[in-house]
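Please read each point with the coordinates open beside the text.

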Amino acid sequence: MAVSKTYPVATMAEAAALGLRLFGENRVQEFAGKAAELEPLRRRAEMPIGVHLIGHLQSNKAARAVEIFDGSIPVDLLRLAERLNEAAGKLAKRLPVLIEVKLSAEASKSGLEPESAEAAELLERLPDLQKSANARADDDCAA
């Protein structure tokens, strides 16, 4: 994965021309400004590129992240996982996520504490989220 945060679309296009296919961005707002311009590279039939979110995601930006990223969104809260699942269901999109675990004592680092109740709850509930989104979508189709 090439980390393309802070680099312009032209640089990303040059990297894609050299064979790089996966890019990482750490801010929803920054990538939102690049997304439309990168669309031809992301949707081309031969060797499309993908863009994953590699930075911390706030719950209020979950729906926008689902719209513009291809996957690997870091999740450190059950509520964030639920919001991502709901937004992905509305777009009929399946989005891979990464569970963000905090292994550092640094206050500036985010993520779940490995032995926390929040981590256990997220791990327990995560497999059911896609299933519940599919059930809601089936209900919507039946209505």
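1. Arg43 counts as exposed because its relative accessibility is 54%, where exposed means over 50% relative accessible area, buried under 20% and partly exposed in between (1.4 Å probe, protein chains only). Its side chain forms a salt bridge with Glu39, with the closest N and O atoms 2.6 Å apart; the term stands for a side-chain nitrogen of Lys or Arg within 4 Å of a carboxyl oxygen of Asp or Glu. Both Arg43 and Glu39 belong to helix α2, where they sit four residues apart, about one turn of the helix. Glu39, at 29% relative accessibility, therefore counts as partly exposed.

2. A word on the basis of these values: this is a predicted model, in which local features need pLDDT of at least 70, side-chain atom pairs count only at pLDDT 80 or more, and totals for chains, interfaces and linings use all residues. Residues are numbered from 1 along each chain as its sequence is written, and side-chain values use heavy atoms, with hydrogens and water left out.

3. The chain has five helices and five strands, and from the N terminus on its elements run β-α-β-α-β-α-β-α-β-α. Helices (H or I, at least four residues) and strands (E, at least two) are DSSP runs, numbered from the N terminus. Along its principal axes the C-alpha trace spans about 50 × 45 × 25 Å. Of the 143 residues of the chain, 36% count as buried. Among contacts with a separation of 6 or more, 53% come from residues 24 or more positions apart, a contact being heavy atoms within 4.5 Å.

4. Which residues are linked in a network of salt bridges? Glu25, Glu30 and Lys34 are linked in this way, and the structure holds eight salt bridges. The side chains of Glu25 and Lys34 meet at 2.9 Å, N to O, while the closest N and O atoms of Glu30 and Lys34 are 3.4 Å apart. Glu30 and Lys34 both lie in helix α2, four residues apart, about one turn of the helix.

5. The accessibilities within this network deserve a separate look. Glu25 counts as buried because its relative accessibility is 0%, and Lys34 also counts as buried, at 7%. Glu30, by contrast, has a relative accessible area of 25% and is therefore partly exposed.

6. Leaving aside residues up to four places away in sequence, Ser4 touches Met12, Phe23, Gly24, Glu25 and Lys34.

7. Two backbone angles call for comment. Most residues other than glycine have a negative phi. Met47, however, has a positive phi near 55°; this residue lies in the loop between α2 (28-43) and β3 (50-53), and at 45% relative accessibility it counts as partly exposed. Ala92 likewise has a positive phi, of about 50°, although it is not a glycine. Ala92 is found in the loop between α4 (78-90) and β5 (97-99), and counts as exposed because its relative accessibility is 72%.

8. Glu113 has its place in the loop between β5 and α5 (117-142), and is partly exposed because its relative accessible area is 43%.

9. The mean positions of the 19 positive and 22 negative charges are 4 Å apart. Lys and Arg count as positive and Asp and Glu as negative, whereas His and the chain ends are not counted, and the place of a charge is taken as NZ of Lys, CZ of Arg, CG of Asp or CD of Glu.
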